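Please look over the side-chain contacts in this protein chain. The report below covers charged pairs, then nonpolar groups.

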Amino acid sequence: MEAPPPATEGPALLPADDFFQESEDEEPEPAEDRRLLRPTDKRRFFSLSGGAATGSSGYLSYYGGGSGLGFASELMVGAYGKRRSNLGGAFVMQYRKGSVTELSLAGRFRARKRLSKEFALYTVFDTTMGVSVPLAFGGYFYPMLPSAQLGIGWGLEAILAERVTLGLRPFAPSIIAPNFYSFPPVSLRWEFGVSMGIVW
């Protein structure tokens, strides 16, 4: 009688249920985060802002007036640190239009704190130091001596889609001294502004 042919080993077949299951060694790829306020690690920022400005204003204070409502616009560009991502610095240029037109150049230190681990929503504190140069008075170009500017500020900021920033800065008092055209030679300011910018 002839011997039966030797059995050959073939690939093991898996049950149908096991075939469609993922192996323990394979990890599924994380889903893309599509939240509008998702956190980001981008550090550099640029923003433009505008709003109302009040307070005593230079030359008119010398005659006992000068308190009123004006308009202030601001450009800011800066970055947060690599190791301390909540601390940063920026260069600020501000144009203020009221009874006296002024241009300010300053540096700003910013400290922010995220309000939630899930969203890019921050509360921001800042300190600004620079110079303020009066450029015009009563609609006439008339440069005057510059003064030192010192201010503080607080506001809220949100980062949308890791790219666009929206900000609100309702608390921003500052002191201009010495103000050579007022007595006492100190001017007090208060600003309220909204901003929009980008991060990268």
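## Charged pairs

E118 and R35 join their side chains in a salt bridge, 3.1 Å from N to O. This pair links distant parts of the chain, 83 residues apart. E118 sits in the loop between β4 (100-114) and β5, and R35 in the loop between α1 (16-19) and β1 (44-55). A salt bridge here is a side-chain nitrogen of Lys or Arg within 4 Å of a carboxyl oxygen of Asp or Glu. Helices (H or I, at least four residues) and strands (E, at least two) are DSSP runs, numbered from the N terminus.

This is a predicted model: local features need pLDDT of at least 70, side-chain atom pairs count only at pLDDT 80 or more, and totals for chains, interfaces and linings use all residues. Residues are numbered from 1 along each chain as its sequence is written, and side-chain values use heavy atoms, with hydrogens and water left out.

The salt-bridge count comes to 7. Three of these bridges are tabulated, including the one above.

| Pair | Closest N to O distance |
|---|---|
| E162 and R38 | 3.5 Å |
| R96 and E102 | 3.6 Å |

E162 and R38 form a salt bridge. E162 lies in the loop between β7 (147-160) and β8 (164-171) and R38 in the loop between α1 and β1, so the pair ties together parts that are 124 residues apart in sequence.

How covered are these residues? Buried means under 20% relative accessible area, exposed over 50%, and partly exposed in between (1.4 Å probe, protein chains only). E118 is partly exposed at 45%. R35 is partly exposed at 30%. E162 is partly exposed at 24%, whereas R38 is buried at 16%. R96 is buried at 5%, and E102 is buried at 6%. R96, E102 and R189 are linked in a network of salt bridges.

## Nonpolar groups

The largest nonpolar core has 10 residues: F45, M76, Y80, A90, V92, A120, Y122, V124, I159 and V199. In soluble globular proteins, nonpolar side chains tend to be buried together.

I159 touches residues including L36, R112, A120 and V199, leaving aside those up to four places away in sequence. Contact means heavy atoms within 4.5 Å.

Conventions. Core = buried A, V, L, I, M, F, W, Y, C linked by side-chain atoms within 4.5 Å.
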